[in-house]
Amino acid sequence: MPVPGRRTRRLVAFLLPSAVLVLMAGSALVPVAAARLGRSAAAWSAAGTLALPTLLLAPLAPAALAGEVAVHRISWLPDWGFDISFRLDGLGLLFAVLILGIGQLVILYAVYYMPPRDGLGRLLGTLMGFAGAMLGVVLSENLLLVVVFWEITSITSFLLIAYKHETIEARIAARMALAVTGGGGLALLAGVLLLGRMAGSFELSAVLAAGDAIRADPLYPVALVLVLL
């Protein structure tokens, strides 16, 4: 039926990018709520920001659990093979639920653990950015987009670990984390570039379809090790 097909594509085109964008927007809005309305408002706005992607992905969940793959692609740099494309399958849905659910638990923990004088705006805003980047990693169809979101997780994890930047221990731990995740990101980028060359595309669907050809390529072990790093 052509009309339901168009409606489904429009739904996917709206819901998948919006789930990530909501969290990215929350990284800026939650600190504003904390500054203007206080600690409780920051916590409630952060919890609501994390709940909204769950509601956005819910209409697509039955199809994903049934084994269908929803993909939305926006052509951006076609000559470089870099498109803004997202996908949702059963595995992506599982990790999305984990990210959003654990994020809610972290907010609850932070409200009761952090001292009352701490407004929580910077912490929860950074957490929104971290969760949005992680959601972007698991929902990205384009492997280059995965690398971009991975690097955002590196930056936001650095900021989270360095939250108590007055202490030298926090600064040392944050620098170490940034070095590890930054190095891992460079290895991931190199592995993705090799996979794209072997598959002829950076789209995950094309890479999975070219699995036999990739495994037969002499550079496959190198790409595998780089991605695992």
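Student: Why does Leu91 count as exposed?

Tutor: In this predicted model, Leu91 has 54% relative accessibility. Exposed means over 50%, so Leu91 counts as exposed. Leu91 is found in helix α4 (residues 90–113).

Student: What makes Leu91 part of a nonpolar surface patch?

Tutor: Patch residues need over 30% relative accessible area, and Leu91 has 54%. The patch covers about 540 Å² and is made by Leu91, Leu94, Phe95, Leu98, Ile102 and Val106.

Student: Why is Phe82 called buried?

Tutor: Its relative accessible area is 13%. Buried means under 20%, so Phe82 is buried.

Student: What makes the aromatic pair of Trp76 and Phe82 edge-to-face?

Tutor: A search of the whole structure finds 3 aromatic pairs. In the pair of Trp76 and Phe82 the centres are 5.2 Å apart, with 75° between the planes. The cut-offs are centres within 6.5 Å and, for edge-to-face, planes over 60 degrees apart; the pair is therefore edge-to-face.

Student: Why is the pair of Tyr109 and Tyr113 called stacked?

Tutor: The planes of Tyr109 and Tyr113 are at 15°, with 5.1 Å centre to centre. Stacked requires planes under 30 degrees apart, so this pair is stacked. Tyr109 and Tyr113 are 4 residues apart in helix α4, which means about one helical turn separates them.

Student: How do you know that strands β1 and β2 pair?

Tutor: Pairing needs at least two bridges. Strand β1 (residues 70–77) and β2 are joined by 6 bridges and run antiparallel, so they pair. Arg73 stands opposite Ser85 in β2.

Note on methods:
Residues numbered from 1 in each chain as written. Predicted model: local features only at pLDDT ≥ 70, side-chain atom pairs only at ≥ 80, totals over all residues. Heavy atoms only, no water. Patch = residues over 30% accessible without salt bridge, like charges linked within 9 Å, V, L, I, M, F, W, Y side chains within 5 Å. Areas by Shrake-Rupley, 256 points an atom, 1.4 Å probe, with all protein chains shown as cover. Salt bridge = Lys/Arg side-chain N within 4 Å of Asp/Glu carboxyl O. Helix = DSSP H or I, 4+ residues; strand = E, 2+ residues; numbered from the N terminus. Buried < 20%, exposed > 50% of the residue type's maximum accessible area, 1.4 Å probe, protein only. Phe/Tyr/Trp six-rings, centres within 6.5 Å; stacked < 30°, edge-to-face > 60°.
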